[in-house]
Amino acid sequence: MTAAETRSVIVEREFKASPDKLWRALTQPHLIEEWLMKNDFQPKVGHGFNLRGDWGGVLDCEVLAVEPNRTLVYSWNFAHDDPAFNLTSVVTFTLTPTADGVHLRMEQAGFRPDQPQAYGGAMHGWRQFLDNLDQLLAREAE
Amino acid sequence: MTPDTDTLFRTLADPTRRALFERLCRDGELTVAALTAQAGVSQPAVSKHLGVLRQAGLVRDRPDGRQTHYSAQLDALTPLTDWTGRMNGFWENRFDKLENLLTRMDQ
């Protein structure tokens, strides 16, 4: 067992909206803020931006691919004081038109294959993030 | 957060204790003496940390004559390493918000 295993999270849903409308929700900063986090996103490959959570956590991101109404890819990184414990992941949104709407597939692939730390170390890097996430989800469940 | 996770976080929050655990993850089964040689703290301190790790289920001890050998129990980390499950919940929640936003947006 090693931390080098790469694991993915995949969430899919069909929305009753046009691909164009969903694309705007995924790429316009004031709309992204409404469903994800505060941000300075721009739909330009190479653009670096931050996602800022209500809990104070800041994610470092970079746009990796933009194909309007079809595909959006950006890195999703959480910096830790110790570089060995940094979290590095990539989020890929794929839009597919359906009969009466649009299907959205989100895949988040984490842990670079070259990440060197042991299982316990990998967990440590997540501590703050998961704590914050738990707090966030608890607040939002109210 | 489950009590189990709290215990694991507390147990691994101590840098010395975490270093001992990581060394056992890396090097396999070791004696207290071998662990002390590189821990930078006294043998009684190492033994105390190992006791805390054992109580949290993170290490197992195997007495062998006058020596005790310790090994890491990686399965104990399962509650912490299930980040895929956590992120799945995060994104499901965000998709709910996105769905709500789409109903409010102009065409």
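In chain B, strand β1 is joined by 2 bridges to strand β3 (residues 67-72), and the two strands run antiparallel. Strands here are DSSP runs of E with at least two residues, helices are DSSP runs of H or I with at least four residues, and both are numbered from the N terminus. Two strands are said to pair if DSSP finds at least two bridges between them. The model is a predicted one, in which local features need pLDDT of at least 70 and side-chain atom pairs count only at pLDDT 80 or more, while totals for chains, interfaces and linings use all residues. Residues are numbered from 1 along each chain as its sequence is written, and chains are lettered from A and ligands numbered from 1 in the order in which they are written.

Strands of a sheet pair through backbone hydrogen bonds, in either a parallel or an antiparallel sense.

Two packed helices are described by the angle between their axes and the distance between the axes. The axes are lines fitted to C-alpha atoms, for helices over the stretch in contact, with angles from 0 to 180 degrees between N-to-C directions. For α2 (residues 15-27) and α4 (residues 43-55) of chain B, the axes come within 10 Å and cross at roughly 75°. Helix α2(B) is therefore roughly perpendicular to α4(B), a class that covers 65 to 115 degrees, whereas angles under 35 count as roughly parallel, over 145 as roughly antiparallel and the rest as oblique. Residues B:Thr16, B:Arg17, B:Leu20 and B:Phe21 of α2(B) meet B:Val46, B:His49, B:Leu50, B:Val52 and B:Leu53 of α4(B); contact requires C-beta atoms, placed from the backbone, within 7 Å.

Chain A contains 3 helices and 7 strands, which follow the pattern β-α-α-β-β-β-β-β-β-α along the sequence. Strands β3(A) and β4(A) run antiparallel and are joined by 5 bridges, with A:Leu51 opposite A:Leu59 in β4(A). The loop between β3 (48-52) and β4 (58-67) holds A:Gly53. This glycine counts as partly exposed because it has 16 C-beta neighbours inside 10 Å; a residue is buried with 20 or more other C-beta atoms within 10 Å of its own, exposed with 12 or fewer, and partly exposed in between. Strand β4(A) also pairs with β5 (residues 71-78) in the antiparallel sense over 5 bridges, where A:Val66 has A:Leu72 as its bridge partner. In the hairpin of β4(A) and β5(A), with 3 residues between the strands, A:Asn69 takes a positive phi near 65°.

Buried residues make up 26% of the 142 residues in chain A. A nonpolar core is a set of buried Ala, Val, Leu, Ile, Met, Phe, Trp, Tyr and Cys residues joined through C-beta atoms within 7 Å. The largest such core has 25 residues, and those touching the most other members include A:Phe15, A:Val102 and B:Leu102. Helix α6 (83-104) of chain B is among the elements that each supply at least two residues of this core, and α6(B) gives the largest share, 5 residues. A second, separate core of 17 residues includes B:Leu24, B:Leu35, B:Val59 and B:Ala72.

Terms used. Two residues are in contact if their C-beta atoms, placed from the backbone, lie within 7 Å.
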